[in-house]
Amino acid sequence: MAEITIDGLRLEVERGTTVIQAADQLGIEIPRYCYHPGLSIVGQCRICLVEIERMPKLQVACHTPATDGMVVHTNSDKVLEARRAVLEFLLVNHPLDCPVCDQAGECWLQNYYMQHGQHDSQVVVDKVKKHKAQPIGPNVMLDSERCILCTRCVRFCDEVTATHELGIFNRGDHSELAPYPGVELANNYSGNTVDICPVGALTDRDFRFKTRVWYLNETPSICPGCSTGCNIVIHHNDERTYKADGARVARLKPRYNAEVNQWWMCDTGRYGFDFVDAESRLLRPRKRLGSELEILSWRKAMQAVAMAISETVRKYGPDSVAVVLSPQMANEDLFLGRELFSNLIGLANLAFEVPKLEPEEGDALLMTADRNPNSKGGWLLGLPHHHEVSLATLLQVAREKEVRGLYICHHDLGQAVADKELEAAFSQLDFLIFQGSNSNMVSEKADYVLPSTTFAERDGTFTSHAGRVQRFCQAVAPLGDSKPDWLIFKSLAKALGHAMPYFEAEDVFAALADEEAAFAGLDYGSIGESGAQLSPGAETKTPAKTKERESFF
Amino acid sequence: MNVHDKHKPLTWWEKTYLPGVLAGLWLTTRHFVRNMFAHTLRALGMDVKWLGSVTIQYPEFIRPLFPRLRTHHRLTKRDDGSPRCVACMMCETVCPAKCIYIIAEEKPDAPDIEKIPKSFDIDLGLCIFCGYCVEACPEDAIRMDTGILEISSYGRKGMMRDMQTMLALEPKSKRYVEFDDEGDVVSEPFVEDLD
Amino acid sequence: MEAIGIVLIKLAFVLVFVLSFGGILTWVERKQSAIMQDRIGANRASILGLRVIGLFHPLADAIKMFLKESFRPANAEKFIFTLAPAISVFFALVGFAVIPFGDKLVLGDTVVNLQLAPLNVGILYLFAVAGMAVYGVVLGAWASRNNYALLGGLRAAAQMISYEIALGVTIFGSIMVYQTVDLQEIVRWQGAYFWGWLPAWGVILQPLGFLLFLTVGIAETKRVPFDPPEGESEIIGYFLEYSGMGFGMYFLTDFIETVMIAAITVTLFFGGWQVPYLAPDGFHFPWGSELLCAQWVVALLQVLGFTLKIMFFLWLQMAIRWTLPRFRYDQVMRLGWKYILPISLANIVLTGAAILLIK
Ligand code: SF4
Ligand code: SF4
Ligand code: SF4
Ligand code: SF4
């Protein structure tokens, strides 16, 4: 252990802790560009210079280990002067594109210039010209004039993804970041380079020019892209609705969680939010009459669906209606669905998982092959694995007219079963109900369509494959008349004569935690922003040694 | 010091309001009589120096505008006629009335500029003519020097101005005040020829 | 009893007289205020390019108000909402029935009394009618189902009722002097002369009474400076929900009331239709000379005299309206209860004492 004093505050730190880490633990802000807690240390940018007593020169805080009795000053005149000088150097060839730069507003050159620079440039020679606006991969745009050569992106590709696409070429003030010749920055984590780039050198092609970052509001959420459950922030545009063709969700950014995704997220999840504002969103409950579609009010739709279910059950028994819940749904939805269909109506056929025809692949970093956010949650609630109750069997019995009504949530069965088989089964049904957020081949065929919200428009919890219950929060208002799945189940229960005492997703979760041993003792408060681990045996990712620093995200 | 201390309490006589009322009436009546006199004489065809009113009979006569007056917005152009605006949205952000609507797009084949507005609309029905947009613009791309004050319409839609309209506007000097060497205003209200 | 035809002609005369005054007042209001404030005032309404110093503006106003949608809020009390403005106008108008606008006109055998309704309790009738006027305002405000309108209505009710009392008390002095409440008689009373040359107008006998009455009268019209019931800058007032002709009627009521106050002031304090030195057969000047004229000329001069006096008081009321800022509500109430009422009570006592002394 070493006792270090920074700006008069004392702290005991582990041996090997660097000054900048110690300062972070104390909540003292030392400027930084190249230092990133998730990457190796290079001491390249020199902005983190601090004054250490009994050392002749200023030292970089990121690379200097704390030693016992060390006394550090981060705000002395010498330090401030050095910072100003470093900034001036960094800006010598900087194009100052801020008006057209997507980074403006979350740019650390801007921030530190306002905090520590505020100088007039003394350089009279022309700036060095470099390549601008080069798409270096499917998701990333590079403007090498804006690059301050901190090498964070290079280290990310070397150390985290180990794909080695980027490097720094040429020398002196002609040094330029670029991908190796003939190489594209096309790995599935390339979006993270945009996050860690402290300036506007790497920007998102998807987000490019759509809006400005200061128009965006942030809501913590969980990526619904796979069973890892990366913690994210939804950046959404609530006020300037005319931008980006009216899309409300502008981008997803990873949110630091030491136990799950640390600082990162994959590109599949990052750019996979289109469906929230897509044309294909289902907006109103509707009913099919031959080829005609009739828009219904929720009340009418619920009455009609309740009628169809209860009539069929009355005539042909509880085996005659089958429900397919979905691992896309939150714990709250699955719990209420189970309550409603199994316990209240007593249906025997309750399916959950529907594996795709072509299975997905995962990778070694974050993304798993299970592209559903909540399979684990379903299993913990006692919903069957696909090998226990499979879609194939359901369709089989449907063809044999044992099952006469199908209630399908979210699944796009077109990706799981051959069209012919589906046609054959569907044609035998008395009714087919689809509940989901976006249209697909099932909703096209369904007699009743019940529009549900996406993850961005509601509260709820997912259970990751590692058994971590994590909350996501409502970022934007439900589109059209759509409702959260649990609320649809609640309304349906009411139409069937069973009142349920839940008004918020939180109420449902409280009931769930009461009833399910696996979730015992949990509530939204204790889950908090970083989630709660369920079973003690669940594997965890490498725990982070350094404290989260929210600056760069 | 308490603000109320500045007021000396009213006397009983003042509290009847009569002295105040009479003083006021004296003043306004003096103006009335004097102006009425001038008007009457003029109506009788006499040449009276005293105008009797300060009104400028708009629109026949136009009061010269001061150069700093903020009028209808315009968007300035580069030499090649394209908008100077780079859609940085500073004006949109600073606008207290939230009446600027910009949608940006990539500027093809112009490596130095990259970004231009795809559409740039101002709702003059909401605009409060504060001029903040002009102040905020880092590119000198928006100005309020057209001298156009007559902005009206029979509907809300008619108050919207799009990019093409605002690019087509020119600064208009004719309506502005002229000064002499001492800095005094020399322009008189003038008759605009309504071409 | 007069022939019905004559009554109808008088009725038409009074109505045309009052309503055209009301209409022209809207023009006067604009022009007078403009000239007081070194402006020109409305001058744009034109017919065939003819502008006549803005005289067409009242006409344009009327056309506008007739053509505008008469909007009624969904929750308004339909019947009362429609009725209220009419009540207002009605009670403002009927007061004129007892105002004498001339002495008599002798046409051959018939003698026409130049007063619509020769009522021997004229003043009491006026009070009664003025007391009703508040209904138009309060009902309209209440029926609008709008809180701001209701606030305006409440203010109007409080203000009008407070000043109603003062109104009565200020006139007591005059009644004590004239010993009658018949308005025609009051005017005839004022035909006398002090020392043979000074017309015995009420203002000379009751200067304080006149001042108080004018103040209270202006307060009754609810116009600036006594306009918290309208309070255009804060609550808009009792007619907030009215548009089109409904608003038009309230608007007109204000002006008719202004004419009314001018008429009563003239009748009580400025000799009504009396023209100095004009006797029923012509002028008899104090220095002895005479100018005799036909009876109809005398009647005409009386009506003219009356009109001119009214015009002066209209001018005065406008001047006051465009000079003073609005009283705060508490000031209105304080002025009414703590100053005007006690002073007018004192006025009664003084008048009584004076009458006793002289007798
Ligand atoms: S990187 Fe930062 S400083 Fe540079 S142009 Fe972009 S916003 Fe401006
Ligand atoms: S592109 Fe960004 S992250 Fe990469 S070296 Fe340049 S500034 Fe650093
Ligand atoms: S003048 Fe003011 S209100 Fe009008 S557009 Fe500019 S910033 Fe907005
Ligand atoms: S501030 Fe100037 S450059 Fe930026 S969007 Fe507005 S007009 Fe265009």
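**Notes on a predicted model with chains A, B and C**

1. Let's start with how chain A is connected: of its contacts (heavy atoms within 4.5 Å) with a separation of 6 or more, 67% are between residues 24 or more positions apart. Please keep in mind that this is a predicted model, where local features need pLDDT of at least 70, side-chain atom pairs count only at pLDDT 80 or more, and totals for chains, interfaces and linings use all residues. Residues are numbered from 1 along each chain as its sequence is written, chains are lettered from A in the order in which they are written, and side-chain values use heavy atoms, with hydrogens and water left out.

2. Now the outline of chain A. Its C-alpha atoms fill a box of roughly 90 × 50 × 40 Å along the principal axes. Chain A has 15 helices and 23 strands; these are DSSP runs, with helices being H or I of at least four residues and strands E of at least two, numbered from the N terminus. Of the 553 residues in chain A, 57% are buried, meaning under 20% relative accessible area with a 1.4 Å probe, protein chains only.

3. Next, look inside. A nonpolar core is a set of buried Ala, Val, Leu, Ile, Met, Phe, Trp, Tyr and Cys residues joined through side-chain atoms within 4.5 Å. The largest one has 84 residues, and Ile4(A), Tyr33(A), Leu109(A) and Leu202(A) have the most contacts inside it. Leaving aside neighbours within four places in sequence, Ile4(A) is in contact with residues including Leu11(A), Val19(A) and Met70(A).

4. Thr64(A) is worth a click. You will find Thr64(A) in the loop between β4 (59-60) and β5 (70-73) of chain A. Is Thr64(A) buried or exposed? Thr64(A) counts as buried because its relative accessible area is 9%. Its side chain reaches the backbone oxygen of Val60(A) at 2.5 Å. Beyond four places in sequence, the contacts of Thr64(A) include Thr17(A), Ile52(A) and Met70(A).

5. Finally, turn to chains B and C. Here 24 residues of chain B are in contact with 20 residues of chain C. The buried area (accessible area lost on being put together, 1.4 Å probe, summed over both parts) is about 1,900 Å², with 66% from carbon and sulfur atoms. In chain B, Tyr17(B), Leu25(B) and Phe32(B) lose the most area to chain C, together 30% of what that side buries. How many salt bridges are there between chain B and chain C? The count is 0, where a salt bridge would need a side-chain nitrogen of Lys or Arg within 4 Å of a carboxyl oxygen of Asp or Glu.

Key: Buried area is the accessible area (1.4 Å probe) that two parts lose on being put together, summed over both. Buried means under 20% relative accessible area, exposed over 50%, partly exposed in between (1.4 Å probe, protein chains only). A polar contact is a pair of N or O atoms within 3.5 Å; within protein, one must be able to donate a hydrogen and the other to accept it, and residues adjacent in sequence count only if both atoms are side-chain atoms.
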